[in-house]
Amino acid sequence: MGAVAATTDATFDTDVIKSDAPVVVDFWAPWCGPCRMIAPALDAISAEMGDKVKIVKVNVDENPKIASNYGIMSIPTLMIFKGGQLVDRKTGAAPQAALKQWISGHA
């Protein structure tokens, strides 16, 4: 594992809700500066944490249904799902160490 994958309206259920591992969902868009800023941090965290946690990205412009379902008002918004349930959410960019600590608390 260790790579941040994309998920879509069509694959979200399989990729996130039915996942055995905790899943971090990054709601983002290509035009969002803070989203692009945290992308390398999420890549590094994904590589470091390996199979303990899965990190996926949802492009809110291309997947409005899932963004709407979860009430995404600003991006980046990160959500952690465990056992198909939303357990935590964080909005806005943060340094890699802070993101890793937040994610590790749920892994």
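Colleague: Hi! Is strand β2 (residues 23-28) enclosed by the rest of the structure or exposed, and why?

Modeller: Strand β2 is largely enclosed, because six of its six residues are buried. Buried here means under 20% relative accessible area, with exposed over 50% and partly exposed in between, using a 1.4 Å probe and protein chains only. Keep in mind that this is a predicted model, where local features need pLDDT of at least 70, side-chain atom pairs count only at pLDDT 80 or more, and totals for chains, interfaces and linings use all residues. Residues are numbered from 1 along each chain as its sequence is written, and side-chain values use heavy atoms, leaving out hydrogens and water.

Colleague: Which residues of β2 sit on each side?

Modeller: V23, V25 and F27 are on one side, V24, D26 and W28 are on the other, and all of them are buried. In a regular strand the side chains alternate between the two faces of the sheet.

Colleague: What does β2 pair with?

Modeller: β2 pairs with β3 (residues 54-59) in the parallel sense, over six bridges, and β2 is joined to β4 (residues 77-82) by five bridges, running antiparallel. Two strands pair if DSSP finds at least two bridges between them; strands (E, at least two residues) and helices (H or I, at least four) are DSSP runs numbered from the N terminus. To find examples on screen, F27 has V58 of β3 as its bridge partner, and V24 has I80 of β4.

Colleague: How does the chain cross from β2 to β3?

Modeller: The chain goes through helix α2 (residues 33-49), and this β-α-β crossover is right-handed. That is, with the strands pointing away from the viewer, the path from the first strand over the helix to the second runs clockwise.

Colleague: What is the strand order in the sheet?

Modeller: The five strands form an open sheet in the order β1-β3-β2-β4-β5, with mixed pairing. β1 (5-6) and β5 (85-91) stand at the edges with a single partner strand each, so one side of each has no neighbour in the sheet.

Colleague: And how do β4 and β5 pair?

Modeller: β4 and β5 are antiparallel, with six bridges; L78 has K90 in β5 as its bridge partner.

Colleague: New topic: where is S19, and is it buried or exposed?

Modeller: S19 is in the loop between α1 (12-17) and β2, and S19 counts as buried because its relative accessibility is 13%. Leaving aside residues up to four places away in sequence, S19 touches T14 and K54, where contact means heavy atoms within 4.5 Å.

Colleague: How many aromatic pairs are there?

Modeller: A search of the whole structure finds three aromatic pairs. Rings of Phe, Tyr and Trp (its six-membered ring) pair if their centres lie within 6.5 Å; planes under 30 degrees apart count as stacked, over 60 as edge-to-face and the rest as tilted. One of the pairs is F12 with Y70: the centres are 5.6 Å apart and the planes at 45°, so this pair is tilted. F12 lies in helix α1 and Y70 in the loop between α3 (64-69) and β4, so the pair ties together parts 58 residues apart in sequence.

Colleague: What about Y70 and F81?

Modeller: Y70 and F81 form an edge-to-face pair, 5.4 Å centre to centre with 85° between the planes. F81 is in strand β4, so this pair links parts eleven residues apart in sequence.

Colleague: Which of these residues are buried?

Modeller: F12 is buried at a relative accessible area of 2%, and F81 is buried at 1%. Y70 counts as partly exposed, at 22% relative accessibility. F12, Y70 and F81 form one aromatic cluster.
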